[in-house]
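Dear colleague,

I am passing on the structure below, and my notes on its sheets, helices and ligand surroundings follow it. Please read them beside the coordinates.

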Amino acid sequence: MTTRIGITGAAGRMGRTLIEAIDLAGEELQLAAAIERPQSSLLGADAGELAGRGSNGIAVVGSLQEVIGDIDVLIDFTVPAATLANAQVCAAHQVAMVIGTTGFTAEEQGLIDSAAGKTAICKASNFSTGVNVCFKLLDMAARVLGDDVDIEVYEAHHRHKIDAPSGTALSMGQVVADALGRDLDKVAVYGRQGQTDARDRETIGFATVRAGDIVGDHTVTFAAEGERVEITHKASSRMSFARGAVRAAGWLHHQSAGLYDMQDVLGLK
Ligand SMILES: NC(=O)C1=CN([C@@H]2O[C@H](COP(=O)(O)OP(=O)(O)OC[C@H]3O[C@@H](n4cnc5c(N)ncnc54)[C@H](OP(=O)(O)O)[C@@H]3O)[C@@H](O)[C@H]2O)C=CC1
Ligand SMILES: O=C(O)C1=N[C@H](C(=O)O)C[C@H](O)C1
């Protein structure tokens with residue numbers, strides 16, 4: 001069965017890579033709509049040309065409502081406000097939605113949970129297979145190393161990224177906190193400066209770097225007296241995220257309403 005895919009934020013860094021990833025996927029996954037803001041100067045542009053793949057006959061439009069009847073799944077990598085508005089449209093029309101946007105508040109996440117009561121939503125802070133394997137490795141490392149180690153999460157991204165820590169870093173912290181029975185809201189330390197006192201072992205530290213064109217680096221360090229374990233993922237191309245999101249779209253088309261993540265898509269649960 002063919003899955004007709006729409007992309008919001010089609011001209012963004014991820015949007016363009018997603019158009020390319022769909023073009024490279026099998027014939028069962030087809031780009032059916034490319035959406036940008038109503039004010040975008042790119043309205044009417046050919047989406048394939050935009051992604052450097054040559055003309056594909058899909059013109060960029062300025063409204064999701066305009067094309068919602070033409071798609072089975074929407075892939076959205078934009079900003080929280082746009083994603084939430086798009087989730088309402090998808091829920092109202094029972095169109096499935098893949099959400100890659102990061103930086104939601106707890107309240108905003110609640111709105112996505114509500115939309116998932118009406119349609120199938122797959123939301124992940126990171127759609128790369130490698131990062132999702134790392135989530136499993138982190139769970140194992142935290143359970144074995146337990147309370148004998150200090151745990152620190154480091155992430156580095158390009159200078160254009162607008163949220164921090166990255167969604168992936170927060171997910172990594174959550175996996176580790178869950179494995180250790182800790183409440184991440186209580187134990188997270190976001191950066192340090194000045195007279196900090198000695199480290200409390202219960203805490204999970206986060207460090208953020210923003211520089212140049214770094215696609216996405218994540219390392220979780222488990223540091224004990226005399227040894228340390230480091231689990232690292234480095235993305236060198238956005239195609240690693242886009243390929244996963246497109247795979248998720250094909251999978252989600254066949255699911256009923258509910259909230260899923262990339263671990264569901266990969267059968268890692
Ligand atoms: N889950 C994952 O695997 C990954 C997640 N991400 C996340 O995806 C998101 C997008 O990243 P990236 O592609 O680098 O960002 P970009 O800024 O390159 O792209 C964002 C897109 O969203 C559009 N947009 C922004 N604001 C609005 C709005 N209010 N209404 C409608 N459209 C809007 C932008 O249009 P305009 O240019 O006109 O503002 C642009 O097309 C981020 O949250 C990032 O963290 C990124 C990579 C992987
Ligand atoms: O903004 C990005 O670029 C990325 N964002 C995601 C995040 O916040 O974790 C995933 C990836 O690391 C790239």
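Ile-75 counts as buried, because 31 C-beta neighbours lie inside 10 Å; the cut-offs used are 20 or more other C-beta atoms within 10 Å of a residue's own for buried, 12 or fewer for exposed, and anything in between for partly exposed, with C-beta atoms placed from the backbone. This residue has its place in strand β4 (residues 73-76), where strands (E, at least two residues) and helices (H or I, at least four) are DSSP runs numbered from the N terminus. Between Ile-75 and Asp-113 there are 38 residues of sequence separation, and their C-alpha atoms are 17 Å apart. Ala-25, by comparison, is found in the loop between α1 and β2, and with 19 C-beta neighbours inside 10 Å it counts as partly exposed. The C-alpha atoms of Ala-25 and Ser-55, which are 30 residues apart along the chain, are likewise separated by 17 Å.

Before going further, please note that this is a predicted model, in which local features need pLDDT of at least 70 and side-chain atom pairs count only at pLDDT 80 or more, while totals for chains, interfaces and linings use all residues. Residues are numbered from 1 along each chain as its sequence is written, and chains are lettered from A and ligands numbered from 1 in the order in which they are written.

Turning to the sheets, strand β4 belongs to an open sheet of seven strands, paired in parallel and ordered β3-β2-β1-β4-β5-β6-β12; two strands are taken to pair if DSSP finds at least two bridges between them. At the edges of this sheet are β3 (60-61) and β12 (258-260), each of which pairs on one side only. Within the sheet, strand β1 (residues 3-8) is joined to strand β2 (residues 29-35) by six bridges in the parallel sense, and Gly-6 stands opposite Ala-33 in β2.

A further open sheet has five strands in the order β8-β9-β7-β10-β11, and its pairing is mixed. Its edges are formed by β8 (188-190) and β11 (227-235), each of which has a single partner strand, so one side of each is left without a neighbour in the sheet. From one strand to the next, the twist averages 15°, where axes are lines fitted to C-alpha atoms, for helices over the stretch in contact, and angles run from 0 to 180 degrees between N-to-C directions.

Strand β7 (residues 150-157) is mostly covered, with six of its eight residues buried. It pairs with strand β10 (residues 216-224) in the antiparallel sense over seven bridges, and seven bridges also join β7 to strand β9 (residues 204-210), with those two strands running parallel. Glu-152, for its part, stands opposite Thr-221 in β10.

Two helix pairs deserve a look. The axes of helix α1 (residues 13-24) and helix α9 (residues 239-252) come within 9 Å and cross at roughly 60°. That angle makes α1 oblique to α9, given that angles under 35 degrees count as roughly parallel, over 145 as roughly antiparallel, 65 to 115 as roughly perpendicular and the rest as oblique. Helix α6 (residues 129-145) and helix α7 (residues 167-180) pack at an angle of about 30° with their axes 8 Å apart, which makes α6 roughly parallel to α7.

Finally, the ligands. There are 24 residues around ligand 1, of which Gly-9, Gly-12, Met-14, Ala-82 and Gly-100 come nearest; a residue is near a molecule or strand if its C-beta atom, placed from the backbone, lies within 6 Å of it. Both α1 and α4 (80-92) supply at least two residues of this shell, and the largest share, three residues, comes from α1. By class, the shell around ligand 1 holds nine nonpolar, twelve polar and three charged residues, where Ala, Val, Leu, Ile, Met, Phe, Trp, Tyr, Cys and Pro count as nonpolar, Asp, Glu, Lys and Arg as charged, and the others, Gly among them, as polar. Around ligand 2 are Thr-102, Ser-125, Asn-126, His-157, Lys-161, Ser-166, Gly-167, Thr-168 and Gly-216, and this shell divides into no nonpolar, eight polar and one charged residue.

With best regards
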